[in-house]
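Colleague: I would like to learn how to read a model like this one, feature by feature. Could we go through it together, beginning with the order of the elements?

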Amino acid sequence: MRTNGAIVDDQGKMNNFAIEPKVYVDEQGDRTGFTPYAEALNGRLAMIGFVSLIAFEVFTGHGVFDIFANL
């Protein structure tokens, strides 16, 4: 017997947790591990880092190893 989205058993007790959620398939898939999405993101971040290092050297006149050597 159902009333207001809850299930009432034969003894008249209401069980609000008896209705299970609908099962669905995630269309985006798993984004962990060696997936094309992860590899593309890794490549983009590497390109940003490489360009940032070149810009750092151009603007400061010192390389990264030169900066670390003077610490």
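This is a predicted model: local features need pLDDT of at least 70, side-chain atom pairs count only at pLDDT 80 or more; totals for chains, interfaces and linings use all residues.

Colleague: Where in the protein is confidence lowest, and where is it highest?

Modeller: The general idea is to look at pLDDT, which is the predictor's confidence in each residue on a scale from 0 to 100. Here the protein averages a pLDDT of 80, and 80% of the residues score at least 70. Confidence is lowest in strand E1 (residues 2–3), with a mean of 50, whereas it is highest in H1, with a mean of 93.

Colleague: How many residues does H1 have, and what follows this helix?

Modeller: H1 has 25 residues, and the distance from its first C-alpha to its last is 36 Å, close to the 36 Å expected at 1.5 Å a residue. After H1 comes Gly61, which has a positive phi, near 80 degrees.

Colleague: What share of the 71 residues in the protein is buried?

Modeller: Buried residues account for 6% of the 71 residues, and the accessible surface of the protein is about 6,900 Å², with 62% of it belonging to carbon and sulfur atoms.

Colleague: Which residues form a nonpolar patch on the surface?

Modeller: The patch consists of Phe50, Val51, Ile54, Val58 and Phe59, which together have about 590 Å² of accessible area. Val51, one of these residues, lies in helix H1, and it counts as exposed because its relative accessibility is 53%, where the cut-off is over 50%.

Colleague: Why does Phe56 count as partly exposed?

Modeller: Phe56 counts as partly exposed because its relative accessibility is 33%, which falls between the 20% limit for buried and the 50% limit for exposed. Phe56 belongs to helix H1 (residues 36–60), and, if its neighbours within four places in sequence are left aside, Phe56 is in contact with Gly61, His62, Val64 and Ile67.

Colleague: And what separates the C-alpha atoms of Leu53 and Gly63?

Modeller: Leu53 and Gly63 are ten residues apart along the chain, and their C-alpha atoms are separated by 8.3 Å. Leu53 is also part of helix H1, and, at 45% relative accessibility, Leu53 counts as partly exposed.

How values were computed: Residues are numbered from 1 along each chain as its sequence is written. Side-chain values use heavy atoms; hydrogens and water are left out. Helices (H or I, at least four residues) and strands (E, at least two) are DSSP runs, numbered from the N terminus. Buried means under 20% relative accessible area, exposed over 50%, partly exposed in between (1.4 Å probe, protein chains only). Contact means heavy atoms within 4.5 Å. The expected span of a helix is 1.5 Å times one less than its number of residues. Accessible areas come from the Shrake-Rupley method with a 1.4 Å probe; for residues, only the protein chains shown count as cover. Patches are made of residues with over 30% relative accessible area and no salt bridge: like charges are joined within 9 Å, nonpolar side chains (Val, Leu, Ile, Met, Phe, Trp, Tyr) within 5 Å. A salt bridge is a side-chain nitrogen of Lys or Arg within 4 Å of a carboxyl oxygen of Asp or Glu.
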